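Visitor: I am new to this structure and would like to learn how to read it, one feature at a time. Could you show it to me and then take me through it?

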Amino acid sequence: MTSAFNTRQERRPLRLAVLGSTGSVGASTLDVVARHPERFEIVGLTAHSRVDMLLQQCLRFKPRVAVLPTEERARELRSALAGHAVRTEVLVGPQALCDLAASSEVDSVMAAIVGAAGLPPCMAAARAGKRLLLANKEALVVGADLFMQAVKDGGATLLPIDSEHSAIFQCLPEDRSRWAERIDHIILTASGGPFRERDPATFDSITPAQAVAHPNWVMGQKISVDSATMMNKALEVIEARWLFDLAPERIRVVLHPQSIIHSMVVCRDASVLAQLGTPDMKVPIAYGLSFPDRVESGAERLDFLKLQALTFEPPDPARFPGLQLAYDALAAPSGSTAVLNAANEEAVAAFLAGRIRFPAIHRVNADTVEAFVSRLGPARQLDDVLDIDTRARAHARQRIQELAA
Ligand code: NAD
Ligand code: MG
C-alpha cells in the first residue's frame, strides 16, 4: 500500500483526490476531512456542473488540481479563482480525471462520481495502486472482473464506502484471506424507499419529486430514484459479489425500514455480525478514510433508548421487480451487468426528465438486458466494456422513445 497516515507508523497526511466533490458523498467527504486537517490533505477536486460549489471548495481546501468537463466551465473557475491567493490548476475532461486518479501526488482516491462515467478514473486509480474509496458502485457493476483484476494487478487497496458494503467490511477480519472460511452468507439491508407501502396500482402517477424524497437518507437524485425502484439494491448485490468474492446465492436482501442495521454477515457457525448506526454517510466515509483506525465522523450517535423497534420483511418481487435483474444479470454472460447499469442510467434520466413513467424504468432495464443476453462477446479490456455500455445505452434510448409518456 502507498504510504499514508493510517499505516500507523508514518504520520504524514493522506493526500486525497475527491472525484465528484460537489455531490452528496463528495461534500460529506470534505466535511469529514475538514475535521482532521492534520490527517488529510486535499490534492484534487472534480465536478461536472456546479462551478460555484467547486470554487468554494477550492478556496477552502486549496487543492493543487481541479477538474471540470468542459473548457468553458474551466475558464469560469479560473477567472473566479484569479482574485484569490489559491494556486489551483484547473484541468479539463475525462483524461484529466484519470491523470489525477493515478497521480504520484495522490495516495488515496475517493470515487464519488455517479454512474459509469466514474469507471475510467477508478481503473486508473486501481492500476496505479492507490487506496481507492469506492462510493461509485456503478463503476464496479460495469467494470466487474476487469475492475477487480486492475485492483489486484496494481496492488491497490479497495475500500467500500456504500454503507451496506462498509458494514459488511467492518464485520470481517482485516486479513482478506480469512473471509471465505468465515462467511456463510451476507444480508444486505434495504429501507424499501418511499414506496414500500404505496399501492402499486398507483405507481404510474409517481412524480420525480416523490421518487427522490427518501425517508431516511439524503442523497443525489440518481441513487434516490434507484432506492425507490430498489435498483440500488440490485446494483449493491452485484457490487457485493465482486467486493467480497461471493457467489450470488450467498448474497441476500432483507427490508429494514429504519435503516439502523446497515448490513450483516452470517458466519459459518450461525453467528450473525451486524454494523449499526444512524443513517449518515459520514460514518462509512470516515471509516474508509481512516481505516484501519477510527476517527470522529461528525455523525450523530445512535440512541438505543429512542429506537422504537427494528423490523424486517422480505422484499416484494411484484413491487420491486428490479432486484431480481441483478441475480439474472450475474447468471448471464459477463457484460450483462454493464448492460443493466447502462439501461438503468438512461431510464432514470428519462424518468427524471419527465419522459417516461416510473414503472417504465423496469421495462427499459429488463428489455435491454433481454435484448443483449444472447449477443454479448467477452470483455477483455476497458474499451470492450465501454463499447457494451455505449451500445446498451443506444438500445435503452430506443426503448425509452417507444415507452415515452
Ligand atoms: P451526486 O449526484 O450528489 O454527485 C455526483 C458527483 O459526480 C457530482 O460531484 C457531479 O458533479 C459528479 N459527476 C456527475 N456526472 C459526472 C460525469 N459524467 N463526469 C464526471 N463527474 C460527474 O451523487 P451522490 O449521491 O453523491 O452519489 C455518488 C456515488 O456514490 C453514486 O455512485 C452513488 O450510487 C454512490 N453512493 C451514494 C450514497 C449517498 O448517500 N449519496 C450512498 C452510497 C453510495
Ligand atoms: Mg447503499
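**Reading the sheet, the rings and the metal site**

Guide: Let us begin with two strands: strand β1 (residues 14-19) and β2 run parallel and are joined by 5 bridges. Strands (E, at least two residues) and helices (H or I, at least four residues) are DSSP runs, numbered from the N terminus, and two strands pair if DSSP finds at least two bridges between them. This is a predicted model, in which local features need pLDDT of at least 70 and side-chain atom pairs count only at pLDDT 80 or more, while totals for chains, interfaces and linings use all residues. Residues are numbered from 1 along each chain as its sequence is written, chains are lettered from A and ligands numbered from 1 in the order in which they are written, and side-chain values use heavy atoms, with hydrogens and water left out.

Visitor: Which residue stands opposite alanine 17 in β2?

Guide: In general, strands of a sheet pair through backbone hydrogen bonds, either parallel or antiparallel. Here alanine 17 stands opposite glycine 44 in β2, and glycine 44 in turn stands opposite valine 65 in β3. Strand β2 (residues 40-46) pairs with β3 in the parallel sense over 3 bridges, and β3 pairs with strand β4 (residues 89-92), also in the parallel sense, over 4 bridges.

Visitor: What is the order of the strands in the open sheet?

Guide: The open sheet has 7 strands in the order β4-β3-β2-β1-β5-β6-β7, with parallel pairing. Its edge strands are β4 and β7 (157-160), each of which pairs on one side only.

Visitor: What kind of unit do β2, helix α2 and β3 make?

Guide: A crossover is called right-handed if, with the strands pointing away from the viewer, the path from the first strand over the helix to the second runs clockwise. In this model β2, helix α2 (residues 51-61) and β3 make a right-handed β-α-β unit, and the chain then crosses from β3 through helix α3 (residues 71-82) to β4 in a crossover that is right-handed.

Visitor: Are the residues on the faces of strand β3 buried or exposed?

Guide: Both faces of strand β3 (residues 65-68) are covered, with Val65 and Val67 on one side and Ala66 and Leu68 on the other all buried; buried means under 20% relative accessible area, computed with a 1.4 Å probe on protein chains only.

Visitor: How many aromatic pairs does the structure hold?

Guide: A pair of aromatic rings is described by the distance of the centres and the angle of the planes. Rings of Phe, Tyr and Trp (its six-membered ring) pair if their centres lie within 6.5 Å, and planes under 30 degrees apart count as stacked, over 60 as edge-to-face and the rest as tilted. The structure holds 9 such pairs, among them the tilted pair of phenylalanine 195 and phenylalanine 203, at 6.0 Å centre to centre and 50° between the planes. Phenylalanine 195 also forms an edge-to-face pair with phenylalanine 358, at 5.3 Å centre to centre and 85° between the planes. Phenylalanine 195 lies in the loop between β8 (183-190) and α9 (208-211) and phenylalanine 358 in helix α15 (residues 358-373), so this pair ties together parts that are 163 residues apart in sequence.

Visitor: Which residues coordinate the magnesium ion (ligand 2)?

Guide: Donors are N, O and S atoms within 2.8 Å of the metal (3.2 Å for Na, K and Ca), and water is not among the atoms, so sites may look incomplete. The magnesium ion (ligand 2) is coordinated by Asp162 (OD), Glu164 (OE) and Glu236 (OE), at 2.1 to 2.2 Å. Glutamate 164 lies in helix α7 (residues 163-170) and glutamate 236 in helix α11 (residues 231-243), so the pair ties together parts that are 72 residues apart in sequence.

Notes: Buried < 20%, exposed > 50% of the residue type's maximum accessible area, 1.4 Å probe, protein only.
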